[in-house]
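Q: Please take a close look at one part of this model. Which elements pack there, at what angle, and what surrounds them?

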Amino acid sequence: MNEERTSMDCAQFGEILQDLDRPGTEGFALRRSALAHAESCGRCALRMIEAESLDFALRTLAAREAERQAHPRVARALVEEVRVQSRSASRHGVRWQLAALGVAAALLLVLGYSLRHRFPPAAGSDAARDSAANHTSSPIAAPVAPVPDSNEDQSADSQSNDSDDETAFVSLPYADDPNALDGGAVVRVLLTRPALASLGLPVTDLGSADRIPADIVLSEDGAPQAIRLVSQASLDE
Amino acid sequence: MSQPIDLSDALLLRRMMAGDEDAFAQVYRRTHPAIYRFALHMTGNAGVADDVTQEVFMTLIRNPRRFDPARGTLGGFLFGIARNHLRKRWEQDRRLVPFTGDADDLGDTVSGGARAAHSASGNGAFGNGNGHSRTVTGPDELVLGESIGRLRQAISTLPENYREVVVLCELQEMTYEEAASLLGCPVGTVRSRLHRARAILVEKLRDPRPARRASVVGE
């Protein structure tokens, strides 16, 4: 201790003077030595008094200002800015979502277009016929012939020219004006007997599970307009 | 009303970016007093301190992604913005001379809102150190008020880099390490600046003449 007291000179005292009350510093650790030096040195004692006065004044000033805060209008302005930024961000988000949806829709269109061109429907082919036969839930298969002329009777006559084993076309209950059938098509399908009966055809043995070939006349918009039965013999030909 | 949960700065900022006003309010309550007082002590003008505080948080609201938690605390980030704003202001308007003349905002009594605590604490009793106090209750307080007024004025005359360490280490009671981190300089530099600043303050407070604003900014 005595060694420490005698070893501290005025220069060292001046170096650590500002840290005497500052925990964690070298000056705080050497506080006792500094006090001892001040007791033996009048000049350093005066410096210590001035430093302590300054410390007191600074602490008083800090304490007086400790509770001061910005004016409430600052907080109000800032909260309003947060709202503005939030609205702006949400608008940006909606824009991004719309853009993403647009891109997704465009991709789907391109994909559909490319698939359509890669796998075109094989009109009149055996594959299409098989597909129609297997696709029992949908009565419509690939188109096989253009729609006959203006009315139902004429179409029935023309079809009957193709094969005597085919019955005449029967107009469906909700069919449009037969004159509007220009541009439509006739498709061959396999239907169950109850399905045929529901379309108004005279069918017996409704309990049978076999499927009956039939031709359906489709209008230009794809709606079925008329139907006729086709014999199995004409199919075998 | 229940106390808000104490969340990390980064989480609060993420919520703030998502439009959560409560998150911003928590950030503001937590950090703005230190920023405001720093600006107030650096400028000596309550209005300018309000403006600087507002600009600091506007910057945070508009560019929250500038804050990187890996590089420091949110408080340090805001202090950095405040220092930049203060420097810009001083560069743009050299007429803003802090703590000078009779217009000592730090000593003025202000009214309303957030200033109530300040006024209640008696700050308004000791104005600008010129003896025109309104609610002096005794000679000791008058002497103390005069001393504080002189101290404020002396601080205002310090060069900027000295004033910063006095404000941070003495008035905001930061450690050397904390101040060094905020100022982006070595601890030794902070310590030496404070040593020099205190010597200047002692000299100015010892001298009965009014302190003059420093013209040289340097070590």
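**A helix pair and its surroundings**

A: α8(B) and α9(B) are roughly perpendicular to each other; that label covers angles of 65 to 115 degrees, while under 35 counts as roughly parallel, over 145 as roughly antiparallel and the rest as oblique. Helices are DSSP runs of H or I with at least four residues, strands are runs of E with at least two, and both are numbered from the N terminus. Residues are numbered from 1 along each chain as its sequence is written, chains are lettered from A and ligands numbered from 1 in the order in which they are written. The model is predicted: local features need pLDDT of at least 70, side-chain atom pairs count only at pLDDT 80 or more, and totals for chains, interfaces and linings use all residues.

The axes of α8(B), residues 176-183, and α9(B), residues 187-206, come within 8 Å and cross at roughly 105 degrees. Each axis is a line fitted to C-alpha atoms, for helices over the stretch in contact, and the angle between N-to-C directions runs from 0 to 180 degrees. From α8(B), Tyr176(B), Glu177(B), Ala179(B), Ala180(B) and Leu183(B) meet Val187(B), Val190(B) and Arg191(B) of α9(B); contact requires C-beta atoms, placed from the backbone, within 7 Å. Sorted by class, this contact has 6 nonpolar, no polar and 2 charged residues. Nonpolar here means Ala, Val, Leu, Ile, Met, Phe, Trp, Tyr, Cys and Pro, charged means Asp, Glu, Lys and Arg, and the others, Gly among them, are polar.

In α7(B), 10 of the 12 residues are buried, meaning 20 or more other C-beta atoms within 10 Å of their own, against 12 or fewer for exposed and in between for partly exposed, with C-beta atoms placed from the backbone. Glu160(B), also in α7(B), has 14 C-beta neighbours inside 10 Å and therefore counts as partly exposed. Its C-alpha atom is 9.3 Å from that of Arg87(B), 73 residues away along the chain. After α7(B) comes Glu173(B), with a positive phi near 55 degrees.

One of the buried residues of α7(B) is Val166(B). Leaving aside neighbours within four places in sequence, Val166(B) is in contact with Ile155(B), Leu158(B), Leu171(B), Leu194(B) and Ala197(B). Val166(B) is also, with Ala39(B), Ala82(B) and Val165(B), one of the residues that touch the most other members of the largest nonpolar core, which has 55 residues. Such a core is a set of buried Ala, Val, Leu, Ile, Met, Phe, Trp, Tyr and Cys residues joined through C-beta atoms within 7 Å. Helix α2(B), residues 21-43, gives the most to this core, 10 residues.

Chain B averages a pLDDT of 76, and 68% of the residues score at least 70. Residues 1-5 of chain B have pLDDT below 50 and 2 contacts beyond near neighbours in sequence. The model scores ipTM 0.70 and pTM 0.56.

Key. pLDDT = per-residue confidence, 0-100.
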